[in-house]
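Please check each one against the structure as you go.

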Amino acid sequence: MLHISLAADPVLRIGNLYLTNTIITTWFTMVVLLVISLLARYQLSTGKDTILVTGSKVLVSFFYRFINSILENEELTWSVLPLIATLFTFITLANFLGLF
């Protein structure tokens with residue numbers, strides 16, 4: 001019979017601390033986002049127009065237009081944009097990485 005578990009599966013135990021598959025996926029997602037953001041920042045500072053820079057500009061533009069269409073206040077949009085874009089990007093990437 002197929003066993004489906006809703007709890008996170010422990011992968012590694014260090015003393016009394018269990019590292020679960022959820023924690024490992026979360027940390028891996030954070031590392032991937034950090035590397036991508038550092039590469040994009042470096043390429044933006046050097047003036048290179050790569051696919052990473054273009055993709056970053058497209059994402060920021062999309063989130064700005066989407067949030068501004070809801071809030072209709074430019075100042076408030078720029079203050080909320082980093083939080084909403086970061087949460088969306090993190091959750092989306094974590095879900096995709098969790099499939100593997």
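Predicted model: local features only at pLDDT ≥ 70, side-chain atom pairs only at ≥ 80, totals over all residues.

1. After the end of α1 comes Gly47, which has a positive phi near 85°.

2. Gln43, which belongs to helix α1, deserves a separate look, since its relative accessibility of 16% is what makes it count as buried, the cut-off for that class being under 20%. When residues up to four places away in sequence are not counted, Gln43 touches Lys48, Thr50, Leu52 and Val53.

3. Val32 is also placed in helix α1, but its relative accessible area of 22% puts it in the partly exposed class. Once neighbours within four places in sequence are left aside, the contacts of Val32 are with Leu93 and Leu97. Between Val32 and Ile14 there are 18 residues in sequence and 24 Å in space, taken from C-alpha to C-alpha.

4. Helix α3 runs over residues 74-98, and its 25 residues reach 35 Å from the first C-alpha to the last, which is close to the 36 Å expected at 1.5 Å a residue. Where does the kink of about 40° lie in α3? It is found at Val80, shortly before the proline Pro82.

5. The buried residues of α3 are Thr77, Leu81, Ala85 and Ala94, and what covers the buried residues of this helix includes α1 (21-46) and α2 (51-71).

6. In the loop between α2 and α3 sits Glu72, a residue whose phi is positive, at about 55°, although it is not a glycine. Is Glu72 buried or exposed? With a relative accessible area of 68%, Glu72 is exposed.

7. On the surface, a nonpolar patch is formed by Val11, Leu12, Ile14, Leu17 and Ile24, which together have about 460 Å² of accessible area. Strand β1, covering residues 10-14, contributes the most to the nonpolar patch, giving three residues. Leu12 lies in this strand, β1, and counts as partly exposed because its relative accessibility is 42%.

Definitions and conventions: Residues numbered from 1 in each chain as written. Heavy atoms only, no water. Patch = residues over 30% accessible without salt bridge, like charges linked within 9 Å, V, L, I, M, F, W, Y side chains within 5 Å. Areas by Shrake-Rupley, 256 points an atom, 1.4 Å probe, with all protein chains shown as cover. Salt bridge = Lys/Arg side-chain N within 4 Å of Asp/Glu carboxyl O. Helix = DSSP H or I, 4+ residues; strand = E, 2+ residues; numbered from the N terminus. Buried < 20%, exposed > 50% of the residue type's maximum accessible area, 1.4 Å probe, protein only. Expected span 1.5 Å × (residues − 1). Bend = angle between axes of the 7 residues up to and from the residue. Contact = heavy atoms within 4.5 Å.
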